[in-house]
Amino acid sequence: MTLQIKNLEEYNEAYKHSVDDPEGFWAEQAETFKWMKKWDEVLEWDFKGPDVKWFKGGKLNITENCLDRHLEDRADQVAILWEPNDPKADVIAYTYKELHEAVCKAANALKANGVEKGDRVCFYMPMVPELAIGVLACARIGAVHSVVFAGFSSSALADRIKDATCKMVICSDYNHRGTKNIPVKNVVDEAIGMGCDSVETVLVHKNTGADIAWNDKLDKWWHDEVDNQSADCPAEQMDAEDMLFILYTSGSTGKPKGVVHTCGGYMVYTCFSFKNVFQYKEGDVYWCTADIGWITGHSYIVYGPLLAGATTMMFEGVPTYPDAGRFWEICDKHRVNQFYTAPTAIRALMAQGDEYVDKYDLSSLKVIGSVGEPINEEAWNWYNQKVGRGNAPIVDTWWQTETGGILISPLPGITDTKPCYASYPLPGVQPVLLDADGNLIEGNDVEGLLCMKFPWPSILRTTYGEHERCRQVYFSSFENMYFTGDGARRDANGRYRVIGRVDDVINVSGHRMGTAEVENAINEHDNIVESAVVGYPHDIKGQGIYAYVITNHAITDEEAFRKEIKAVVTKMIGPIAKPDMIQIVPGLPKTRSGKIMRRILRKVASGKSDELGDTSTLLNPEIVEAVKEGAAALKKG
């Protein structure tokens, strides 16, 4: 099986081996998987293109490694354990044998509906087992899955369907979320009506059984198509560099980017990182609370755990339903050993009071993880004391949609931990800090721009249909470097602390929002002339969205106006992108070339109006005072 590091000496040896001989190191990890044909060459790379190929010429199917190869030893072991939204509803468990059968049936249903190798299939579903089954069914037949978080608006969904020219959409009728039933199929119908001409079939999973609109030409029930299929579906032979999935992520310019991950390298890296970061042992129950609509769900609910032969939990609900003890009740009930969640959830639950966590037995927890954004020290300490009870090391993981897997993290019980620090790179990961001119910042106790100087197996290969955009965004800032877009600090011991984005991207509750994307949505309002969006510190979300808006005509009811703007953003992107603060301003501070000075707006939004520096060189320095006064009034009001 894939190498699992057991102590500090082994970590140091593995890291040295991975840097001195990356091809040899990763070949050793890849050897442990089932290949239909072995690779001709381990690695060929050039960041200028970019052009990165791992396990070149190798043939495989990732689902044979997630499912088939486990049937001999763990056919009756639980693969997926599903906890429903309603705590009184039945838990569903799929053994590896049952999951294999379910995936083969779904794969045959896809084929029966005309889905072929290379076709794109869009998922817009709640956290039900059928989502994981459908994703694996795509991989089984070589179709490319594109999962869209089922909280995005119909407009955002339509953009993603059209960009990938998806042949099929798979959704549910409704989505249970706390006390709400969300009409998921309605959103899909609206999206299809926005010119998604490539869609030939909409497969609908009956999640609640409530009434939905029906289109006989497009719509089919999941159970009608899947249940009577054969449970035998040979795995399609895929090249190591064939596309496995597309996942859309916000960038600093308006349109979301379709990040592309491929079969071979992604498989090897997600399994390796899962086993090492979570120190998963045979018989453990592992739970990641993310949604499969994000990369965390892809890599650390579905692929990583199943490749490692783990028992992985899926949760349909929210952390505060029926009360703020739901996460801890589930950990207690299922004797969870590894728990992985976001700082936003930790802060929100911390704010509810200790009584919700204190009453549960969390002694089964061996590792607790954090993902999505840097975790603040107060939340880290609470998580450590109240959830880990001082016995479960925290793995504060840093990675991105584009990296495919965790790049920097403590290894629990092996490397040390320090609040707010993602700590040390995993074997095969070679981070560097650069200054703004691209000069290498040597030594420790330094700060700079976080880059990677060498590829790891699950690095993104392209952005779908826009390879030049991939080059511009990730590989053009510094020669022969992958630029993460994050600033970082390296402490005296060589640990990394990721400080946050240095481009126009806001990290809201672990979800990246491009400021341009939010501005474009706000500007759709009839009474908006111009807007500027920045991030500011938020107690629960980490960063909140602060919007400065210039109106066409005076506003008489500001509260109603703010609600209208939020409604427009919800319609265009989804509720996760709603601004927390909206300030009406007479103008925006601009340079003489007309560029908005976001640095000033960020300072004002963050309550640091006395740290603006020299504003005399602006085109309109007088506007700064008006912005400062308006912000002070808004915060008081």
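These are my notebook entries on a predicted model.

**Ground rules.** I number residues from 1 along each chain as its sequence is written, and I leave out hydrogens and water, since side-chain values use heavy atoms. In this predicted model I take local features only at pLDDT of at least 70 and side-chain atom pairs only at pLDDT 80 or more, while totals for chains, interfaces and linings use all residues.

**Overall form.** I looked up the radius of gyration, taken over C-alpha atoms. The globule rule is 2.2 Å times the number of residues to the power 0.38. For 637 residues the rule puts a compact globule near 26 Å; the protein has 24 Å, which agrees. I noted a C-alpha trace that spans about 75 × 60 × 55 Å along its principal axes.

**Secondary structure.** I find 20 helices and 30 strands. These are DSSP runs numbered from the N terminus: helices are H or I with at least four residues, strands are E with at least two.

I find 61% of the 637 residues buried. Buried means under 20% relative accessible area, exposed over 50%, and partly exposed in between (1.4 Å probe, protein chains only). Contact means heavy atoms within 4.5 Å. Among contacts between residues at least 6 apart in sequence, 71% join residues at least 24 apart.

**Charges.** I have 67 positive and 90 negative charges, with mean positions 2 Å apart. Lys and Arg count as positive, Asp and Glu as negative; His and the chain ends are not counted. Each charge is placed at NZ of Lys, CZ of Arg, CG of Asp or CD of Glu.

**Thr296.** I looked up this residue in helix H11, residues 295-307. Thr296 has a relative accessible area of 10%, so I log it as buried. Leaving aside residues up to four places away in sequence, Thr296 touches Cys288, Ala290, Ile301, Tyr340, Val371 and Trp399.

**Aromatic pairs.** I find 40 of them in the structure. Rings of Phe, Tyr and Trp (its six-membered ring) pair if their centres lie within 6.5 Å; planes under 30 degrees apart count as stacked, over 60 as edge-to-face and the rest as tilted. Phe25 and Trp26 are edge-to-face, because their ring centres are 4.9 Å apart and their planes stand at 85°. Both Phe25 and Trp26 are buried. Phe274 and Tyr280 make a tilted pair, 5.6 Å centre to centre with 35° between the planes. Phe274 is buried at 0% relative accessibility, and Tyr280 is buried at 6%. I also noted a cluster linked by ring pairs: Trp45, Phe47, Phe454, Trp456, Tyr474, Phe475 and Tyr482.
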